[in-house]
Amino acid sequence: EQHASTAAGVAAIRELGETYRFSVQVTNDARKIEENTLDKYRAVVFLNTSGDVLNAAQQAAFEDYFFDGGGFVGIHSAIETEPDWGFLTDIIGTRANGSSPVTDATIKVADRVHIASENLPEYWERTDQWYNFTSNVRGKQHVLATADESTYAGGTMGFDHPITWCQDYKGGR
């Protein structure tokens with residue numbers, strides 16, 4: 001059964017597709033990630049995924065796709081997906097080591113000129129489950145936004161708590 005936040009995420013991505021004129025194909029079938037099937041996509045989104053979802057052949061196909069210029073977007077619990085797959089850890093840059101309960105927090109947009117964050121206000125409120133990470137991605141990835149831990153309970157990252165970041169990595173993005 002699909003969680004309500006996943007359905008909302010799919011709807012939001014579809015709306016972005018309509019606005020910015022890209023098509024969206026939704027599946028929870030890992031068999032879609034195989035050799036010669038990914039090259040028609042500009043990006044693969046892991047939306048609220050977790051655990052071991054791909055077999056070794058699917059992981060290899062995804063790595064080939066990524067190294068050939070493919071894109072990856074990990075949303076929310078994607079940080080918990082394939083925890084033993086070093087490649088995914090490399091492209092994400094860190095892993096989760098706990099989280100807050102669902103609560104309100106203030107987000108500070110760190111890069112107000114990047115295309116992904118240019119239309120956001122400098123500070124804004126969100127209700128979410130805020131992940132803590134094994135390491136800070138700053139210096140490895142390009143940080144777009146941070147959570148202000150003084151505005152909620154359960155944060156362990158300190159004054160610099162990245163929550164949105166990006167990078168170009170070994171041919172992919």
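This briefing describes the fold, the charge pairs, the surface patches and some backbone features of the structure above.

The model is a predicted one, in which local features need pLDDT of at least 70 and side-chain atom pairs count only at pLDDT 80 or more, whereas totals for chains, interfaces and linings use all residues. Residues are numbered from 1 along each chain as its sequence is written, and side-chain values use heavy atoms, with hydrogens and water left out. The protein chain holds 3 helices and 6 strands, and a search of the whole structure finds 3 salt bridges.

**Overall fold**

- Read from the N terminus, the elements of the protein chain follow the order α-β-α-β-α-β-β-β-β, where helices (H or I, at least four residues) and strands (E, at least two) are DSSP runs numbered from the N terminus.
- The protein chain has a radius of gyration of 16 Å, close to the 16 Å that the globule rule gives for 173 residues, so it is as compact as a globular protein of that length; the radius is taken over C-alpha atoms, and the rule is 2.2 Å times the number of residues to the power 0.38.
- The C-alpha trace of the protein chain spans about 45 × 35 × 35 Å along its principal axes.
- Buried residues make up 35% of the 173 residues of the protein chain, with buried meaning under 20% relative accessible area, exposed over 50%, and partly exposed in between (1.4 Å probe, protein chains only).

**Salt bridges**

- Side chains of opposite charge can pair when their charged atoms come close; a salt bridge is counted here when a side-chain nitrogen of Lys or Arg lies within 4 Å of a carboxyl oxygen of Asp or Glu.
- K108 and E122 meet through their side chains in a salt bridge of 3.4 Å, N to O. K108 lies in strand β3 (residues 96–109) and E122 in the loop between β3 and β4 (123–133), so the pair ties together parts that are 14 residues apart in sequence.
- K108 is partly exposed at 29% relative accessibility, and E122 is partly exposed with a relative accessible area of 32%.
- R138 forms a salt bridge with D160, and here the closest N and O atoms are 2.7 Å apart. This pair links distant parts of the chain, with R138 in the loop between β4 and β5 (142–148) and D160 in the loop between β5 and β6 (162–166), 22 residues apart.
- R138 is partly exposed at 42% relative accessibility, whereas D160 is buried, its relative accessible area being 15%.

**Surface patches**

- Patches consist of residues with over 30% relative accessible area and no salt bridge, with like charges joined within 9 Å and nonpolar side chains (Val, Leu, Ile, Met, Phe, Trp, Tyr) joined within 5 Å.
- L16, Y20 and F22 form a nonpolar surface patch with about 330 Å² of accessible area together, the areas coming from the Shrake-Rupley method with a 1.4 Å probe and, for residues, only the protein chains shown counting as cover.
- F22 sits in the loop between α1 (4–20) and β1 (43–47) and is partly exposed, with a relative accessible area of 40%.

**Backbone and loop features**

- Most residues other than glycine have a negative phi.
- E82, although not a glycine, has a positive phi of about 45°; E82 is found in the loop between β2 and α3 and is buried, with a relative accessible area of 4%.
- K170, also a residue other than glycine, has a positive phi near 50°; K170 belongs to the segment after β6 and is exposed, with a relative accessible area of 57%.
- D84 lies in the loop between β2 (71–75) and α3 (86–92) and counts as exposed at 79% relative accessibility.
- D84 and N132 are 48 residues apart in sequence and 18 Å apart in space, C-alpha to C-alpha.
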